[in-house]
Amino acid sequence: MIEQLPDLLAWIEPRALLLALALPPVIRVVGHWIPEELFMVAMGVLAARSGSVEQAVVLLGAVTLSHFATDQITFSAGRWLKPRVGRFPWVAEKLEAVTTRLGGSPGAVWGLVPARVLPLGRGAWLAGCGLVGIEWKRFAAVDFFALMVHLATWSGLGWWLSYDLGRLQHSAEVGKIVGTWVAIGLVAAVAIFLVWRARGRLQPAEARAARRMGK
C-alpha cells in the first residue's frame with residue numbers, strides 16, 4: 001500500500017483541497033480501489049509540505065469535515081433502512097454481526113473507534129449504528145473522536161514521513177513503521193474503550209456508597 005504513495009502524491013498535490021473534500025464519500029463507496037489509509041497518509045504528507053500552519057489546518061480540517069459528513073450520511077442510511085431491512089435480507093445478513101454487538105450493550109458503540117481507525121468494517125459499523133437506533137448526538141460524538149484518532153494515526157504517519165519520502169522505497173522498513181503507528185492508534189482506541197466501560201461499572205458502586213454515607 002505505502003509504496004504507492006509517491007504516485008498518489010503527484011496526482012493529489014495540485015488539487016489537494018478539492019480532493020480532501022470530494023474523495024471521502026467516493027472512498028466510502030469504492031474503498032477497495034482507493035484505500036482510505038493511503039489517502040489519509042497522503043493528506044498528512046501534503047499538510048506537512050503545505051508551507052504554513054494555516055494551510056495545513058485548512059487541508060486536514062477539510063478532509064476531517066468531509067469524512068464526518070460522509071459518516072453521518074452512512075449513519076442516516078442505516079436509520080432509513082431500519083423499518084425496511086426486511087426488504088434487503090442480504091444487507092441485514094452483512095450487518096448482523098455489528099448490529100448484534102451494538103444491540104447487546106450500550107457501550108458497544110465505542111467499537112466504532114477501532115473500526116474507524118483500521119479497515120475493520122467501517123461502513124458496517126456506521127450504518128449499523130443507525131440501524132439499531134443509536135442516538136444521533138451520541139453517535140456523532142463517538143464518530144468525531146474516532147476521526148481524531150484516525151487522523152492522528154494515518155495523517156500523523158504521513159506528516160512524520162513527509163520530509164524523508166526516500167523511506168517509502170524501503171518497504172520492509174516502512175512496514176515496521178506503519179505497524180508501530182497502527183499499533184499505537186489501536187492501543188489508544190482500546191484503552192479509551194476499556195476506561196469508558198470501567199466508568200460505567202463504577203458509577204453504580206459510587207451511587208451505592210453515597211447512599212450508605214447519607215444514612
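## The second largest pocket

The lining of the second largest pocket divides into five nonpolar, two polar and two charged residues. Here Ala, Val, Leu, Ile, Met, Phe, Trp, Tyr, Cys and Pro count as nonpolar, Asp, Glu, Lys and Arg as charged, and the others, Gly among them, as polar. This is a predicted model, where local features need pLDDT of at least 70 and side-chain atom pairs count only at pLDDT 80 or more, while totals for chains, interfaces and linings use all residues. Residues are numbered from 1 along each chain as its sequence is written, and side-chain values use heavy atoms, leaving out hydrogens and water.

Among the lining residues of this pocket are Glu-13, Arg-49 and Gln-55. (On a 1 Å grid over the protein atoms alone, a pocket is an open set of points where a 1.4 Å probe fits, with protein on both sides within 12 Å along at least five of seven lines; lining residues have an atom within 4 Å of a point.)

## Aromatic pairs

Let's turn to the rings. Rings of Phe, Tyr and Trp (its six-membered ring) pair if their centres lie within 6.5 Å; planes under 30 degrees apart count as stacked, over 60 as edge-to-face and the rest as tilted. By this rule there are four aromatic pairs. Phe-75 and Phe-139 are stacked, because their ring centres are 4.2 Å apart and their planes at 10°.

Phe-75 is buried, at 1% relative accessible area, and Phe-139 is buried too, at 0%. (Buried means under 20% relative accessible area, exposed over 50%, partly exposed in between, with a 1.4 Å probe and protein chains only.) Trp-110 and Phe-145 form an edge-to-face pair, with centres 5.9 Å apart and planes at 70°. Trp-110 counts as buried at 14%, whereas Phe-145 is partly exposed at 26%.
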